[in-house]
Amino acid sequence: MNKSDIVQNIINVIIYDNLELGELGVERSEIQEHTLLRDASGLGLDSIDTLDVLVGVQETYHIQIDEISKSLMNEICQTPSTIADFVLQHNNNSASNNLS
């Protein structure tokens, strides 16, 4: 799976569908690879929405996050692209560990 596919899945399923943004009047086309998720100039997601996004990432990509902190949410959930980078990094680390 490449970054573009991951970004599109994060936007379309984990963010748009799971958070039911359409019901809030958000158009799917408003969410792009570099759309700010937590900032008011972007989607303005609150901490509960951000937590839901991280849980969706964990479930979809089988990633275990031992402790979700505010700083971790701020770091990973800046944009769909930063979330995809996290997924790719985790998958690369898992693949390396499986080869050892």
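1. Ser 81 lies in helix H4; helices here are DSSP runs of H or I with at least four residues, strands are E runs of at least two, and both are numbered from the N terminus. At 5% relative accessibility, Ser 81 counts as buried. The classes are buried for under 20% relative accessible area, exposed for over 50%, and partly exposed in between, with a 1.4 Å probe and protein chains only. Leaving aside residues up to four places away in sequence, Ser 81 touches Lys 3, Val 7, Glu 33 and His 34, where a contact means heavy atoms within 4.5 Å.

2. On the basis of the work: this is a predicted model, in which local features need pLDDT of at least 70 and side-chain atom pairs count only at pLDDT 80 or more, while totals for chains, interfaces and linings use all residues. Residues are numbered from 1 along each chain as its sequence is written, and side-chain values use heavy atoms, with hydrogens and water left out.

3. Lys 3, one of the residues that Ser 81 touches, also has a charged partner: its side chain meets that of Asp 85 in a salt bridge (2.7 Å, N to O). The pair links distant parts of the chain, with Asp 85 in helix H4 (residues 80–99) and Lys 3 in helix H1 (residues 3–17), 82 residues apart. A salt bridge is a side-chain nitrogen of Lys or Arg within 4 Å of a carboxyl oxygen of Asp or Glu. Asp 85 is partly exposed, with a relative accessible area of 36%, and Lys 3 is partly exposed with 27%.

4. A search of the whole structure finds two salt bridges. Besides the pair above, the side chains of Asp 17 and Arg 28 meet in a salt bridge (3.2 Å, N to O). Asp 17 lies in helix H1 and Arg 28 in the loop between H1 and helix H2 (47–61), so this pair ties together parts that are eleven residues apart in sequence. Asp 17 counts as partly exposed at 38% relative accessibility, as does Arg 28 at 34%.

5. Two loop residues deserve a look at the backbone. Glu 20, in the loop between H1 and H2, has a phi near 50°, a positive value in a residue other than glycine. Glu 20 is partly exposed, with a relative accessible area of 43%. His 62 is not a glycine either, yet has a positive phi of about 55°. It lies in the loop between H2 and helix H3 (70–76) and is exposed, with a relative accessible area of 69%.

6. As for the overall fold, the protein chain has four helices and zero strands, in the order α-α-α-α from the N terminus on. Its radius of gyration is 13 Å, which agrees with the value near 13 Å for a compact globule of 100 residues; the radius is taken over C-alpha atoms, and the globule rule is 2.2 Å times the number of residues to the power 0.38. The C-alpha trace spans about 50 × 25 × 20 Å along its principal axes.

7. Buried residues make up 34% of the 100 residues in the protein chain. Among contacts between residues at least 6 apart in sequence, 58% join residues at least 24 apart.
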